[in-house]
Amino acid sequence: MEVHLSAIQLLNLTHDGLLQLGYRDGLIRRDYPFADVLIESSPTRMIDLAAFAQEPPSYRSACFGVAIHDQYNPETLQQYRALGAPQILVLSPEHSIVRRWRMTATGAPTFIEEIAPEHLRTAFHANRDEWSPNAVLRAKSIGFARRSVQLDFFDTGLLPTLEGTTHKKLDQLLRDVLATCKAVYAEHHDSEPDYQSLFRLIFRFIAAKMLADRGYPGDDWLHPDPQRVIVAVDAFYFCQAPDEGLLQVPLVQRVAWDKIRNAFLFQNLSVEALAYVYENTLVSERNRKLFDTHATPPQIAEYIVQQLPFNELPQHERRVFEPFAGHAPFLIAALGRLRTLLPSTMNTNQRHDYFVGMLRGMELDAFAREVARYSLILADYPNPDGWDIQQADLFSSPHTDTYLQHARIVLCNPPFSDLPTRGTETRPRAGAAKRAVEALNRVMRYPPAQLGFVLPKAFVSGQEYRNARKQLAASYQEIGIVALPDTVFQYSDVETVLLTAHSPRTNSPRHRTASVNKQDYDRFLQTGIPTWQEELPTDLVDTADYPVFWRTPLWRVWESLRRLPRLGDVAEVHRGIEQTGFREQIDHFISREPAPELLAGLVNVEDGFEPFVTPSPKYLRIDPTRFRRGHEFLKLAAKPKVIANAARLSQGPWRIAAVIDRQGLVCYQRFHGVWLKANTSLEEIASVLNSPLSNAFLYTHPAAGGRDNQIRAIKDLPFPDFTPAQTQTLVTLVNQYKLYRSQWLQNPDQAEELGEACRQVLVHIDAEVLAAYELPPRLEKQMLDIFAGYQRPGPVRFTGYYPTDFRPAIPWRIFISQGFQHAGARSTISRLPVLNDPVISTAVRDLDASSDDDYDIDA
């Protein structure tokens, strides 16, 4: 029998069903307003009912939206996407039906099913495991190697879309506030406003806006008089704190407050987003460099926190410590994680007291410490101050041991610099890691139950980390390493890895390694899924003397080439010369003009070093009284050779380039010389060194953590057995490239045409070299994919091989062939067998199966 219920009856029935699922009555909100941040003007929307998993309500914790609509359609439901709930129940009294919709990151919402009102209670009961607050909240969190979410209503892209859009809108708002404040101040003053006092002022207004929009009791949160707002916020948050200097310029205060007060609704914004954007936008680049407040992206902090099993520790032992706290990204991520683990019966004050007891930090710079406090205040809405962020240096504080002994979880992004002080505007030197080494060693004096670190990539194989690796391996059962691309941290050019470790060591430890390619980094931030991952075999992990933490994603490539000779078998490699006092008296050693006593040569890699084309030489003085190293290079310098850079060309995978020298150039120590000692050619040597395979080898070699391409790594390069035809082809292609490049230099007005000609020759040189290696197609493509998004050395525009969405393992020589480029996939399949090539046959099978299958490097 059909049951007809009114709108209010349907709403009450749904409310009761949500209570049945475990949603707290205080987190089921009727007539809930929220800003539609996905629309440019951010209009305020209203939904009849919204259910949240935890306090405070926001798009991060939204689980259900319930709307009353008789005229339903996907377009009508678009307005609820910014709520952040993954599914919407549409109640239609007129049709006596409930319709369930899946909210998507892009495109129209997707219809799932119809539920009769009399079956609604049964539907809630049947889906209680998937629809419960904890289940939805887990699905919305980032996790390591997370299995596909099996919830039929969940779109993994929805939350990252909202988070990214919200960050952008808040950033725009606060930048506008800053610019307006500075402009108003400049009208009446000859100097810049005091940045820290302006920073504190804006915090008061953000806090007031948040308290007002979230409906916290108080009459003055939105008062038009900024002074009354400041007094109200100070009385609420800082009643027991010493007075803090605020910018006391009435006009500036008024314009700042007017802009923030009239901004879009903060009701549904994540407090983590407010905390992050407050720090990210308002800490100026100058102050960030000056105080070394190098921000950890919030997704990275959250990712590390999600890898650690906080829940395995008793509730009263989940004590977190963040040394080098900066703006406290790890403490904020930990606060969010702890919040999900607390019983729903805890009230706001109890939660605050718990968080303050569990979260501690240490930060040397007073201003960065202040940022951390404010960020935690925003993240712990609506509670006052009380955070334990000690102003101290982990390396020198007498309290360091006390904090480390108290902590059960340590989360850290230590400084990578080896500078003696943090107050410097000097960028961290590439490869410098002494502070990071010492930070890890200090923490391991009292090994916590769980730890998460951001470290230089040198950690996985560098000698300076050897003792720390041994202690970690002896202490922990579960150790994970994720290698990140070199573009993650804006203010550090050192390659990084994420280290997580937990659980007491047993006889069967587990080490997991993963890597994120540059083109996959955004996906990693959204899903926590790396480009590649692998659990190391037990026999490889459990090596007493040298515990293994890392195996390159390309290890199968190098295993398949073990049969080949090494470059050191066919050529001599020697480092360039070194003379004492060179840097101090550079004008004595180097001249731009020739002279009888000077030798033509190369000095610095920065002077336009590129593949195949020898840069204009300088003229070097060889002083026997100052000569330190390079005797072998000097002795062989007059003979034909290949010159390659010793100083690596980039932090990314493009590490080395090579030119052919028949002029007898002398090189300083930033270069290597390579001389033939077997039946091979200079063109072969130069083509191999310029190839993606050599660059990938040097990028993943155990000696790759430093600043230089080390001789031992270059000598260890696999060297293919070229056929006479391949050798002749390479000679022709190399000479053709040099001719085009020379014409380009002489005719810059033809840069586009000649640049494309150079690019075409380069890719054919690569194809010829790769064909000689005879790699299996999947391994060749896996190796080439690591170059996606990285500019190749030299002027030729080249940022990758295959298109980013191209999955078939087509050998490069076939992919660039004219027939393949001018054919669609199906027509290619119809033609390729005519060529009777087994490699092509494999490629055809890949093409035929590639439309829906994920790329699997192990297949």
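Begin by selecting strand E7 (residues 320–323) together with E10, which pair in the parallel sense over two bridges; helices (H or I, at least four residues) and strands (E, at least two) are DSSP runs numbered from the N terminus, and two strands pair if DSSP finds at least two bridges between them. What you have open is a predicted model, in which local features need pLDDT of at least 70 and side-chain atom pairs count only at pLDDT 80 or more, while totals for chains, interfaces and linings use all residues. Residues are numbered from 1 along each chain as its sequence is written, and side-chain values use heavy atoms, with hydrogens and water left out.

Within this pair, Val-320 stands opposite Ile-409 in E10.

Asn-413 is buried, with a relative accessible area of 15%, and its side chain makes a polar contact with the side chain of Thr-296 at 2.8 Å. A polar contact is a pair of N or O atoms within 3.5 Å; within protein, one must be able to donate a hydrogen and the other to accept it, and residues adjacent in sequence count only if both atoms are side-chain atoms.

Return to Val-320 and select Leu-359: leaving aside neighbours within four places in sequence, Leu-359 is in contact (heavy atoms within 4.5 Å) with Val-320, Leu-331, Ala-334, Leu-335, Leu-338, Trp-387 and Asp-388. Leu-359 is also among the residues that touch the most other members of the largest nonpolar core, which has 156 residues; such a core is a set of buried Ala, Val, Leu, Ile, Met, Phe, Trp, Tyr and Cys residues joined through side-chain atoms within 4.5 Å. Apart from it lies another core, of 66 residues, among them Trp-654, Val-761, Tyr-802 and Trp-812.

Move on to helix H15 (residues 366–379), whose 14 residues reach 20 Å from the first C-alpha to the last, close to the 20 Å expected at 1.5 Å a residue, the expected span being 1.5 Å times one less than the number of residues. Of those 14 residues, 12 are buried, so H15 is largely enclosed by the rest of the structure; the buried ones include Glu-370, Arg-373 and Tyr-374. At the N-terminal end, Asp-365 caps the helix, with a side-chain oxygen 2.8 Å from the backbone nitrogen of Ala-368.

Finally, colour the open sheet of four strands with the order E16-E25-E22-E23 and antiparallel pairing. Strand E16 (571–575) and strand E23 (658–661) stand at the edges, each with a single partner strand, so one side of each is left without a neighbour in the sheet. Five bridges join E16 to strand E25 (residues 671–676), and Ala-571 has Leu-676 as its bridge partner in E25.

Zooming out, the protein has 34 helices and 25 strands, and 58% of its 859 residues count as buried.

Conventions
Buried < 20%, exposed > 50% of the residue type's maximum accessible area, 1.4 Å probe, protein only.
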